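Thanks, everyone; I would like to walk through one model today, and I will keep to a few residues and what surrounds them. Please have the sequence and the coordinates open as I go.

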Amino acid sequence: MLFRSDVYKTKAELLQAQLKKVGFDMSIQIMDHAEYLRRTRTGGNFQITFRNKALFVDIDSYAYAVFHPKGSTEGGGGPNDPYLTPLLEQQRQESDAAKRKDLVRTIVKYANEQAYRLGLIYVPRYNVYSPKVKGMPSHYQSNGQEYLNAWIAK
């Protein structure tokens, strides 16, 4: 396992212990952030790393970024899969909601079957705001959009 700081050490050790129970031996390497980015962006020699990708409003914000070879904003891109890549591009262009829904379901099912990316840990996020903060949406977005219409009452 490759990760970028001691922040993830406890999670890595927990995963290591759980994998050992089912017969997998996992070594842990901690490195500085610059080296971590270099290794993960250039397909360095590792099998597991902690990497997160938020979902913003539409499934495409995750699916394209993670599974399309040119999609990642973090560099490196996703797999160059001759079946999956055209589906990802097609769902971006599909204007019929029902057809797009079917395409997205096909993408998700296929990506899960290939196990290109497995969700091992999900950490819930809680936001607490003062009653003076007004205009916040009832749902959470992590791209800063939730603050566009927020204001503080006096």
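**A buried threonine and its surroundings**

T85 has a relative accessibility of 10% and therefore counts as buried, where buried means under 20% relative accessible area, exposed over 50% and partly exposed in between, with a 1.4 Å probe and protein chains only. This is a predicted model, in which local features need pLDDT of at least 70 and side-chain atom pairs count only at pLDDT 80 or more, while totals for chains, interfaces and linings use all residues. Residues are numbered from 1 along each chain as its sequence is written, and side-chain values use heavy atoms, with hydrogens and water left out.

T85 sits in helix 4, helices being DSSP runs of H or I with at least four residues, and strands runs of E with at least two, numbered from the N terminus. Setting aside neighbours within four places in sequence, T85 is in contact (heavy atoms within 4.5 Å) with H68, P69, P79 and N80.

P79, in turn, belongs to the loop between helix 3 and helix 4, and with the same exclusion of neighbours within four places its contacts are V66, F67, H68, P69, T85 and Y116. The C-alpha atoms of P79 and Y116 are separated by 7.5 Å, although the two are 37 residues apart along the chain.

As for confidence, pLDDT, which runs from 0 to 100 for each residue, averages 78 over the protein, with 70% of the residues scoring at least 70. The mean is highest in helix 4, at 95, and lowest in strand 1 (residues 2-3), at 57. Where pLDDT is low, the predicted coordinates should not be read in detail.

Methods
pLDDT is the predictor's confidence in each residue, from 0 to 100.
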